[in-house]
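Okay, thanks for coming, everyone. Let me put the model up and then walk through a few local features.

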Amino acid sequence: RYFDTGGQAGQCGSVILQLGGADPTCLASAADKSIPWAYSAINLNCGCPSPRVAGNGGFGAALMRDSRHVAALCNAMIDATRGEVPITVKCRIGVLRSSCDLRHDTDDVRSFEDLCNFVREVATSGGVSRFVIHARKAVLSGLGPAENREVPPLRPDLVVKLAREFPNLSFVLNGGVQDVTSVADILHEHHPYLHGVMCGRAVLSRPWEFATIDSKIYGE
């Protein structure tokens with residue numbers, strides 16, 4: 001409603017538009033339509049494990065199984081915005097077909113190689129330089145969205161390792177970060193490799209606790 005009255009995202013500070021989909025033509029059209037609203041960036045959702053999204057929809061976390069397609073989607077949005085708006089990707093550290101696979105998911109080396117291959121392809125062929133990574137794997141069947149935020153183990157160490165592996169790219173850690181103090185500690189400990197920390201549900205449930213973030217993180 002705000003944008004319908006002539007407002008712009010740029011007037012609100014840094015506002016990023018997240019898009020979900022698997023069709024390059026549709027995503028390009030959506031990206032093109034967003035230009036007048038002056039978003040700071042457009043983010044492609046490659047992390048949602050919801051059955052309606054990653055299941056029947058075939059996008060969200062399901063896209064992590066096809067890095068070439070993700071690269072093509074990102075290229076389509078870059079072309080549609082004429083390179084004027086940064087295109088970023090939000091994903092998980094990997095995907096599993098079912099909850100049964102969690103019991104046997106012990107090969108950290110293979111998991112990290114798969115994650116590196118995904119990032120490398122999307123960055124090299126898709127023109128993406130910024131990744132926001134939820135430090136859990138997505139389970140595509142057998143777990144609901146809420147369980148997917150709790151059951152798969154958090155592995156922030158893999159996100160940090162990834163950031164060290166690709167120092168020319170920008171990485172933001174997401175998942176399980178509950179307060180401003182934790183944000184500051186993570187950024188301090190992993191500087192200069194991590195470029196940011198994303199807090200989602202903690203902010204929604206306790207917004208007042210994040211009122212000091214400008215002074216504690218940015219010194220403003």
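Start with Phe171: it's buried, at 0% relative accessibility. Buried here means under 20% relative accessible area, exposed means over 50%, and partly exposed is in between, with a 1.4 Å probe and protein chains only.

Quick housekeeping: this is a predicted model, so local features need pLDDT of at least 70 and side-chain atom pairs count only at pLDDT 80 or more, while totals for chains, interfaces and linings use all residues. Residues are numbered from 1 along each chain as its sequence is written, and side-chain values use heavy atoms, with hydrogens and water left out.

Now, what is Phe171 paired with? Its partner is Phe131, ring centres 5.8 Å apart and planes at 20°, so we call that stacked. The cut-offs: centres of Phe, Tyr or Trp rings (six-membered ring for Trp) within 6.5 Å, then planes under 30 degrees apart are stacked, over 60 edge-to-face, the rest tilted. Phe131 is buried too, at 0%, and a search of the whole structure turns up one aromatic pair.

Phe131 is in strand S4 (130–139) and Phe171 in strand S5 (170–174), so the pair ties together parts 40 residues apart in sequence. Strands are DSSP runs of E, at least two residues, helices H or I, at least four, numbered from the N terminus.

On to the backbone. Ala38 has a positive phi near 55° without being a glycine; it's in the loop between H1 (24–34) and S2 (41–46). Arg82 also has a positive phi, about 55°, and at 53% relative accessibility it counts as exposed.

Last one: the His191 to Pro192 peptide bond is cis, omega near 5°.
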